[in-house]
Amino acid sequence: MKANTYKRAAAIAAASALVGSAVVPVAAAPMPTSKKFSDVPATSSHYESILEAQALGIMTGYNDSTFKPDQKLNRGNVAKAFGKYVVAKSGMTLEEYIKEHNISEVKNFADVPDSWADKELVTYSKIVKEAGIFEGSNNQLMASKLMPRDQIAEVLVRAFDFKDKEGNPGIKDTKQSGYAKSIEIIYENGVSNANPYHPLSKTSRGQFASFLVRAYKVSEGLDPKEPLPVRVKSVISPDYALPITVGITPVLPETVKVMLEDGTQTTKAVKWDTSNLMKDEIGTYILTGTVADTDLKASFQVDVREQTYAEPITVYKNEDQNEIRVDIPYLTDSALDLSNYLFNGGPMPAGSKVQLKTGYIIITLGTDQEVTEDFEYTLEFTRNIRNIDGSIVVNNAWAANNGEEPENFTIKGTYGDNVSPTLVSAHYVIPSSDSEITDTLELTFSEEMAPLYFSTQGLDEDRDFDLINILNGITRYNVENVGDDLIFKAGGTQVKISDVDVENGKVYVSIPPMDIEQTSTITIVPEGPNNEALVITDNSVAKNPAVAPATKEITKDNIIVIEPTKPTE
């Protein structure tokens, strides 16, 4: 076969001849948004290919919004189309091409003599003959003859220079065709997916659209089964400048927005050329970036400036979880390095971690070590923690930006006890040493326990409205749940507890009057199926629940005299 300079997508022009439009090489053609045709339902096997052919500009419909997918093609249509494309691909005018290739000396197809009325067909039939795309049968073009599918296979192989691959694809009905090898080749290359191929059936416009689009994809190194990628029309460069501090390497955007030829926007990766960026010299620098999968460029401005300082917007402390949220937009990964913080002048507690979110960080103080009581701490940001513009996070940003000595940003808080209290002892409470009846138990834990109920006496209903609601809410919650925290048994029989209260860090349990000679048990019930929430907790900021399950036996030897006080109502 003759070597051709128009191998890639040569068949694309064929569709243009069918509607009389000008031939435009696909590589230069715009990709408009596809419109649907009234006679091409979404259920058609050629639906996607027809829309893609239209989007590529290689096939169009008719003025009545139809595509006529079932209309058959004749050999003259296809010969004209390929002839026009060969000329367009060469970059010459028709006259120049005829002269350069001595087309006038090419022997005519016998049935398309120079005297033929359709002069255009005469010229282009010689061009495709000279190019080796159409050879004819016994030197007959048979222009009016409808073109069968096997001949389309042959033309596609010649035009796109598809190669035979190893193996036998096993097309079931190629024996009846003289172009069996071409049918196998377009099947192997993914241009055809038909088996059986029906080689002698006539080719419709819908079938031709599928052939052309798949041939184009294969010739462009694309997967013929995947949707056609939409070309990038233009780059939308970032509309802001990035300020950085002298000496700091900027964190440049990894992607830029692009406008596709169908009018939609997406993002593409970008690789910036920083060769002209002098980060140690104050000034304005315009960087150029190469946009992935295109030959387009993006631009981005970087402003190198003197050292600046910034302050966090807000700080939230969740001390019962030893957690701190600091709102600071645009922090760099320097905030993730625990060595850039000081905790009471030393390293961060073991197990600490920092999470960098959009616009804020969450610092969780480690609780790997046991802490048996709350203590005050100072968390300090060293000057290694910076924003993406190079500014340092400090306490006094305004003053530091105006010449004063910067102060490290600090957060003061309370580190919560992380050890749960254990039940140490349980006693019968009696009002006097000679009393033999008790109605109260005293439970002592390894540390002071938190109050269960909160008084709002002395608070102003208007000024302290929110606080009153919070205190009342905690009280209601504890009242609803504390009854399930304890199980009291006297002589092996469970006895109902009437009240539980906390005074001076100890838990007092109200029970029906009973003789102190009787042995009993008190059990702390863990959270689970029998206890929705364990509200008996220590008085630390963490409010650690009591260790459970835990049981203490109470006998006449476990007596404490309290005159004559009962738990506060």
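Mentor: Happy to; we'll take the salt bridges, then the rings, the backbone and the surface. Keep in mind that this is a predicted model.

Trainee: Noted. How many salt bridges are there in the whole structure?

Mentor: A search of the whole structure gives 17 salt bridges. As background, side chains of opposite charge can pair when their charged atoms come close.

Trainee: Which residue does lysine 80 bridge to?

Mentor: Its partner is aspartate 118, and the closest N and O atoms of the two are 2.9 Å apart.

Trainee: Where does lysine 68 come in, what does it meet?

Mentor: The side chain of lysine 68 meets that of aspartate 64 in a salt bridge, at 3.8 Å from N to O. Lysine 68 is partly exposed, with a relative accessible area of 29%. Aspartate 64 also counts as partly exposed, at 47% relative accessibility.

Trainee: Switching to rings. How many aromatic pairs does the structure hold?

Mentor: There are 11 aromatic pairs in the structure. One of them is tryptophan 272 with phenylalanine 300, whose ring centres are 5.6 Å apart.

Trainee: Why does that pair count as tilted?

Mentor: The planes of the two rings are at 40°, so the pair is tilted; planes under 30 degrees apart would count as stacked and those over 60 as edge-to-face. Tryptophan 272 lies in strand β4 (residues 265-273) and phenylalanine 300 in strand β6 (residues 297-305), so the contact ties together parts that are 28 residues apart in sequence. Both tryptophan 272 and phenylalanine 300 are buried.

Trainee: And what geometry do phenylalanine 343 and phenylalanine 375 have?

Mentor: They form an edge-to-face pair, 6.3 Å centre to centre with 80° between the planes. Phenylalanine 343 is in strand β10 (residues 341-343) and phenylalanine 375 in strand β13 (residues 375-381), which puts the partners 32 residues apart. Phenylalanine 343 counts as buried at 9% relative accessibility, whereas phenylalanine 375 counts as partly exposed at 30%.

Trainee: Which cluster do those two belong to?

Mentor: Ring pairs link Phe343, Phe375, Tyr377 and Tyr415 into a cluster.

Trainee: Now the backbone. Where are there cis peptide bonds?

Mentor: One joins asparagine 195 and proline 196, with omega about 10°. Proline 196 lies in the loop between α7 (180-188) and α8 (205-219). Another runs from alanine 548 to proline 549, with omega near 0°, and proline 549 is in the loop between β22 and β23.

Trainee: I also flagged asparagine 322 and asparagine 344. What is their phi?

Mentor: Asparagine 322 has a positive phi of about 50° although it is not a glycine, and asparagine 344 likewise has a positive phi of about 50°. Asparagine 322 is found in the loop between β8 (314-318) and β9 (323-327), and it is buried at a relative accessible area of 6%. Asparagine 344 lies in the loop between β10 and β11 (353-357), and it is partly exposed at 45%.

Trainee: Last topic: which residues form the negative surface patch?

Mentor: Glu480, Asp484, Glu527 and Glu532 form it. Glutamate 532 is in the loop between β22 (520-524) and β23 (550-554), and it is exposed, with a relative accessible area of 67%.

Trainee: Great, thanks for the tour!

Notes:
Residues are numbered from 1 along each chain as its sequence is written. This is a predicted model: local features need pLDDT of at least 70, side-chain atom pairs count only at pLDDT 80 or more; totals for chains, interfaces and linings use all residues. Side-chain values use heavy atoms; hydrogens and water are left out. Patches are made of residues with over 30% relative accessible area and no salt bridge: like charges are joined within 9 Å, nonpolar side chains (Val, Leu, Ile, Met, Phe, Trp, Tyr) within 5 Å. Accessible areas come from the Shrake-Rupley method with a 1.4 Å probe; for residues, only the protein chains shown count as cover. A salt bridge is a side-chain nitrogen of Lys or Arg within 4 Å of a carboxyl oxygen of Asp or Glu. Lys and Arg count as positive and Asp and Glu as negative; His and the chain ends are not counted. The place of a charge is taken as NZ of Lys, CZ of Arg, CG of Asp or CD of Glu. Helices (H or I, at least four residues) and strands (E, at least two) are DSSP runs, numbered from the N terminus. Buried means under 20% relative accessible area, exposed over 50%, partly exposed in between (1.4 Å probe, protein chains only). Rings of Phe, Tyr and Trp (its six-membered ring) pair if their centres lie within 6.5 Å; planes under 30 degrees apart count as stacked, over 60 as edge-to-face and the rest as tilted.
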